[in-house]
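Hi,

Here is the structure I promised to pass on. Have a look at it first, and my notes follow below.

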Amino acid sequence: MTSVLASAQGGTRADDVVLDVRDLRTYFHVMDGTVRAVDGVDFQIRRSGRLALVGESGCGKSVTALTIMRLIDQPPGEIASGEVWFDGRDLLTLPADQMRAVRGGEIAMIFQEPMTSLNPVLTVGDQIGEAVKLHQHLRDREAFEAAVQALRDVGVPAPERRVKQYPHELSGGMRQRVMIAMALSCRPKLLIADEPTTALDVTIQRQILELIKEIQERTGTALLLITHDLGVVAETVDEVVVMYAGRIVETGTVEEVLLEPRHPYTRGLLSSIPSRGKRGQRLSVIKGVVPNPFRMPPGCKFEPRCPYAWETSVQGEPTCAQNEPELLSLGDGRASRCWLHDPRFTGRLRDYERPTAGAEEAR
Amino acid sequence: MAERTVAVTADLTPAELEQLLLERPDYEVQLESLNQWQLAWRRFRRHRLALAGAALFLALVAIAIIGPFFVHYDYYEIPHPDELVYAGRPPSWISGDWDPPLLMGETARLQRDILGLVVNGARLSLVIGVGATIISVVIGAVWGGVAGYFGGWLDSVMMRIVDSLLTLPILFLILVAGKFLGRGDWPSVMLIFGLFGWLGLSRLVRSLFLSLREEDFVDAARAVGVSDGRIILRHILPNTLSPIIVAATLSVAGVIIGEAFVSFLGFGVDITQPTWGNVLTSSLDFLQQGNWWWAFFPGFAIVLTVLGINFMGDGLRDALDPRARI
Amino acid sequence: MIRYIVRRLLEAIPVVILTSVLIYGILLIAPGGPTARFAQNPRITGEQIAAFKHRWGLDQPIPIQYCRWAGICNPDGEGLGIFISNKGLPNILPEALGGGDNGMLHGDFGFSIVDGRPVTSVISERVVPTLILAGTAWLLWVVIAFLTGVYAAVRRYGLFDSALTVFNYVGFSLPTFWLGIMLIAVFASQLRIFPASGMWDTRTVPAFGTDRYWTLLGEDPGYVLTDLLRHLVLPVITLIVVSIAGDSRFVRSSMLDALNQDYVRTARAKGVPEWRVVTKHALRNALLPVVTNLGLEIPFLFTGAIATETIFSWPGMGRAFIQATNNYDYPVLMGILVITAIIVISANLLADILYAVVDPRISYG
Ligand SMILES: Nc1ncnc2c1ncn2[C@@H]1O[C@H](COP(=O)(O)OP(=O)(O)O)[C@@H](O)[C@H]1O
Ligand SMILES: [Mg+2]
């Protein structure tokens, strides 16, 4: 298992890494101040690897993805620092025309809203064909056939008829299939799916996830799945990166993160997923809301909502409210941004790891 | 318990307030209670252009009210009796002749101080602009309100009439009415502009009523037996005021321009009365003699007024109706 | 599609009828009416006025006058016979089917009270100059408003965008007629670059529309057309500045709206070059509200034409309208108003059809 941490601090890149994001910071300068939407994010995805970026809405997942694609509007946005190594190139310093060739050609992206993400005045075939024409330099006729084939690949029935239709003639699930067909039409090395199922019905969600997974396995493209729903990651990805308030708070393989969450935030996220084992129990949700970007807590960003946060009494010891923890490596590629994992607080960590330790008592 | 108290003076949305309370449960939050209009005033105050526009407009209103006491438009009793066609003097600051001081020069022919005409013209122009707008707002609100509230065939008939009238450039009708029905005094001109100016407004009010009548509070009022008239006046109308105020503001500007043009053509206020349009009437004929100041200053007064009103209207739109876009 | 157009045309019929009734009402409830112009003339006797009224049918009840004007009634008929044509069939039918030959429905707009000429010929000689002026203005208006609006949206907050915003505010506050006067003051009176009035140079070119005009146009088209263009410049500018100021702002916001849509992000994520994103993905969507707006704004073109033609003595319909109003020449007025209404209604219809063509979500049903 390769580390998902930015272990490559020395600058060496393992050859099987397709995307290597380092210390990414994206800020928005708006009227009321600066929003640090992404504030120091590092992660890697292996070739054909599958990684999920998880976190509540507003924690900076989409901005991370859009920064990788360099689709941030500047202004008001600013990519303040970082490197995005993709196939031996830093995308953030790539000339604009080369970056365009990467977009759609080597990295493709699917968005959350299939209803608004397709152009209402162009036919489906036109929109799929456009990508193929751009990146594979096909003629109109060939592009049309490629579009039909792409639709067939994603399981759209009667693709010859569908290519000539406009988005408003398709259902939400069908449109998301069109988006996937469009994204995959140029055989990208990396597919970024930003909440691809959030806007869909539950039954359709399943189908679309299955489709993404099946295609990923068939074509071997790497996958960056963005979701706020830990429930969908189990069967879809290998590794998980949990984000909170623009920072990574926990990383690990999907089994480790789901079964043994190290960060209180991840634990909170997990206990809010309905599951068979917990049937009959009350679902707990994390109290409170993500912090206002203009009034970030000075210490740990999760502290105001954290049931395990404590106030220290010992002079010189860091406190949750005042000192922000580092992303602490826990070995085996796991990491967690929480004072619990600081050697000084092993006693508290034992409390945390006691299976019965309810959130309320700990406070 | 509550050690720290913050008075929330900014206009937080309910969501923001909730967030604040969640973040800082130990804070006691005192919410300054602000009604819709106070909030709007806060937003308006922050709109610099709108403030400038309002200042400009108020200055003109002040000039219109008190100006005529200081500057008379028939400044000279006797025009040069010995000259057949008097050429008109340029502004003093151009000619250097300060006896008498002429800020905006003099008209040709009748030798009148343009400053006096412009200052006195402000009165009628503003009165007609505001008065006609009030008339059209009343008619438009009633017409559109009734059509939108009752709907059905009544709505179809009423709106078809509006549509028909809107297929004609309204100015055509105003000109014809001014000539055929007008009496050359300012109330009749105001009335004509008021009677033809409500069409667009009635459409706006109707669309607002159409959506508002589906709201729960209307059903609730109906369920307890409130009469239709009362529902329209007390429950729905107050909710339509913001867009109506914005549209009315912009309409004042439209009437001022329209009145000037109609009077300029001689179909509006009688030529013996000073309005900005009337002052301009013969100016075109004397342009060849280089009498540009005669045409320039009255028109410039119109532009300043309209600019001020438009700025104000934009600010009001942002303040009253933050979701609306251009 | 055909059915859609037919339905829209049928819907327009009551609108035209209602419009004509309304105009007729306004014209004829006027206290003096067409005879008001004789009031100041002491040499005209009461009998002469009565004869005048009888001659023009002004002694009839207004509904009958309207029906005669519209062609529903036969002016020669008596009693109920007024609905019957001279051929013994309903007067309202087309002439070829045995209907009457009078009234608007039969293409007869009556005669000018002032000089007795047929209204159709009074109007037809004024239509072309107005179409030349308004058509040129409309084309330039649309193109300029569109280009500036789109460019400002694409380069938002740039220098051009700021300049355009200032222009929009100021331009939108200008009274059209005063702008015309100022342009004359600067470019005609002071700088003498462009002529101040008229449509042709009266010293070197015969009156527009006469045979001699066409002959000269055939012999020396370069000269005649340059002359026409020189006379067009100031009126066209006058006519379009206010409209451009309003519309470029509208185009800009519509374009900004489109550029902020998710599908534009999708296009960029596909690697579509920025100019293609603008021209292919955003523009067509931004066009939708603009197209509707253009149709709705045709009346402003006519309003502007009145001001412009008056200021620049342009021999068009707007000027004819002012003259007819001044003379209480109500047959000419009615003619101009009905023609205008028909043009406006057709323009709106055209805009709707265009909208349906551009937007695949609209079905013609
Ligand atoms: N264009 C923008 N301008 C200002 N703030 C933005 C913009 N885009 C995103 N943000 C801010 O960045 C933060 C992260 O947003 P996002 O990445 O969309 O969250 P999510 O994790 O739900 O995808 C939010 O606080 C949001 O308000
Ligand atoms: Mg998102």
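How far does a backbone N or O atom of Lys61(A) lie from an oxygen atom of ligand 1? The answer is 2.9 Å. Keep in mind that this is a predicted model.

In Ser62(A), a side-chain N or O atom is 2.6 Å from an oxygen atom of ligand 1. With Val63(A) the backbone is involved again: one of its polar atoms sits 2.9 Å from a ligand oxygen. On its own, ligand 1 has 560 Å² of accessible area, and the protein covers 66% of that.

As for the rest of the surroundings, the shell around ligand 1 includes Phe28(A), Val30(A) and Ala37(A), and also the run Glu56(A), Ser57(A), Gly58(A), Cys59(A) and Gly60(A). By type, the shell residues split into five nonpolar, four polar and two charged. Helix 1 (61–68) and strand 1 (17–30) of chain A each contribute at least two residues to the shell. The largest share is that of helix 1 of chain A, with three residues.

Strand 11 (residues 328–331) and strand 12 (residues 334–336) of chain A pair antiparallel, over three bridges.

Cheers

Key. Residues are numbered from 1 along each chain as its sequence is written. Chains are lettered from A and ligands numbered from 1 in the order in which they are written. This is a predicted model: local features need pLDDT of at least 70, side-chain atom pairs count only at pLDDT 80 or more; totals for chains, interfaces and linings use all residues. Side-chain values use heavy atoms; hydrogens and water are left out. A residue is near a molecule or strand if one of its heavy atoms lies within 4 Å of it. A polar contact is a pair of N or O atoms within 3.5 Å; within protein, one must be able to donate a hydrogen and the other to accept it, and residues adjacent in sequence count only if both atoms are side-chain atoms. Accessible areas come from the Shrake-Rupley method with a 1.4 Å probe; for residues, only the protein chains shown count as cover. Helices (H or I, at least four residues) and strands (E, at least two) are DSSP runs, numbered from the N terminus. Ala, Val, Leu, Ile, Met, Phe, Trp, Tyr, Cys and Pro count as nonpolar, Asp, Glu, Lys and Arg as charged, and the others, Gly among them, as polar. Two strands pair if DSSP finds at least two bridges between them.
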